[in-house]
Amino acid sequence: MPTRVVTRTPDRRVPNERGLQTRQNLMDATIELLATRSYRDIKVMDIAHVVGTSPATFYQYFPDIEGIVLEASRLLVEETNAALDGFEDGSWSSDGLPGATRLVDAVLDGWSGHLPVMRVLTAVAAERDPRFVKAYFAATRPVVRALTAAAQTTTPNGEGKELVHALVSGLTATAGHENAGSVQGLTKHQRRRGLARLVHAAVTTADA
């Protein structure tokens, strides 16, 4: 999925139309490489080669590869907020397993166009890079709100936060395998269904 660009370079210049297109091409090439290669294995030279430009041109528009990932995460945050707009009051939990299934599908469908970015955010945030920690929490905050609203009705003794943390971790892990045809013999549908059952068991209030 093309990633919308912002309009300023690292030195705060506003690129012209051609510059904006070059910047967009660099971002798209980076996301494409992230879909098939490890984040640690990608170099600026690789990105420049895909676009047909030079590393020097790359640095005119981005400070580093991390800068591209962090900028791409902004659209991920926007789309996650939009996907979960109807879930944040927790009312989905009253529908039992169907409600939990809708939530899981909304989260993973909302992330589906940004899976390479989500995988990098999750991995680098785990290393405690503060920039990526901030971006990871921004991307998962709508999910936390939706789960917390439901958990508060079933876990009044303060255990809801623990459950929410565990469920968000499960969702991000599942997202990392979304494009895999089979994981340990389980299809994408089965993996989602299993996660929905966990959400239902943890925070929903009605029987399936």
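Arg 23 and Glu 71 are both buried. In this predicted model, their side chains form a salt bridge with an N to O distance of 2.9 Å. Arg 23 belongs to helix 1 and Glu 71 to helix 4 (residues 65-83), so the pair ties together parts of the chain that are 48 residues apart in sequence.

**Packing of helix 1 and helix 4**

The axes of helix 1 and helix 4 come within 10 Å and cross at roughly 90°. As angles from 65 to 115 degrees count as roughly perpendicular, the two helices are therefore roughly perpendicular to each other. On the side of helix 1, the contact is made by Arg 23, Leu 26, Met 27, Thr 30, Ile 31 and Leu 34. Helix 4 contributes Ile 65, Ile 68, Val 69, Glu 71 and Ala 72.

**Overall architecture**

The secondary structure of the chain comes to nine helices and zero strands, and its elements run α-α-α-α-α-α-α-α-α from the N terminus on. Of the 208 residues, 46% count as buried. The chain exposes about 10,700 Å², of which carbon and sulfur atoms supply 52%. Among contacts with a separation of 6 or more, 66% are accounted for by residues 24 or more positions apart.

**Salt bridges**

The structure holds 10 salt bridges.

| Residue pair | N to O distance |
|---|---|
| Arg 23 and Glu 71 | 2.9 Å |
| Glu 127 and Arg 40 | 2.4 Å |
| Arg 131 and Asp 129 | 3.1 Å |

The side chains of Glu 127 and Arg 40 meet at 2.4 Å. Glu 127 lies in the loop between helix 6 (115-125) and helix 7 (130-151), and Arg 40 in the loop between helix 1 and helix 2, so this pair ties together parts that are 87 residues apart in sequence. Arg 40 is partly exposed, with a relative accessible area of 45%.

In the salt bridge between Arg 131 and Asp 129, the two partners fall into separate accessibility classes. Arg 131 is partly exposed, at a relative accessible area of 39%, whereas Asp 129 is buried, at 19%. Elsewhere, salt bridges that share partners join Asp 105, Asp 109, Glu 178, Lys 188 and Arg 192 into one network.

**The loop at Ser 38**

Ser 38 is located in the loop between helix 1 (17-34) and helix 2 (44-51). With a relative accessibility of 37%, Ser 38 counts as partly exposed. The C-alpha atom of Ser 38 is separated by 9.8 Å from that of Arg 119, a residue 81 positions away along the chain. Arg 40, the salt-bridge partner of Glu 127, lies in the loop between helix 1 and helix 2 as well.

**Thr 57 in helix 3**

Thr 57 lies in helix 3 (residues 55-61). The relative accessible area of Thr 57 is 17%, and because a residue under 20% counts as buried, Thr 57 is assigned to the buried class. Its side chain makes a polar contact of 3.1 Å with the side chain of Thr 53. When neighbours within four places in sequence are left aside, Thr 57 is in contact with Thr 22 and Leu 26.

Key
Residues are numbered from 1 along each chain as its sequence is written. This is a predicted model: local features need pLDDT of at least 70, side-chain atom pairs count only at pLDDT 80 or more; totals for chains, interfaces and linings use all residues. Side-chain values use heavy atoms; hydrogens and water are left out. Helices (H or I, at least four residues) and strands (E, at least two) are DSSP runs, numbered from the N terminus. Buried means under 20% relative accessible area, exposed over 50%, partly exposed in between (1.4 Å probe, protein chains only). A salt bridge is a side-chain nitrogen of Lys or Arg within 4 Å of a carboxyl oxygen of Asp or Glu. A polar contact is a pair of N or O atoms within 3.5 Å; within protein, one must be able to donate a hydrogen and the other to accept it, and residues adjacent in sequence count only if both atoms are side-chain atoms. Contact means heavy atoms within 4.5 Å. Accessible areas come from the Shrake-Rupley method with a 1.4 Å probe; for residues, only the protein chains shown count as cover. Axes are lines fitted to C-alpha atoms, for helices over the stretch in contact, and angles run from 0 to 180 degrees between N-to-C directions. Angles under 35 degrees count as roughly parallel, over 145 as roughly antiparallel, 65 to 115 as roughly perpendicular and the rest as oblique.
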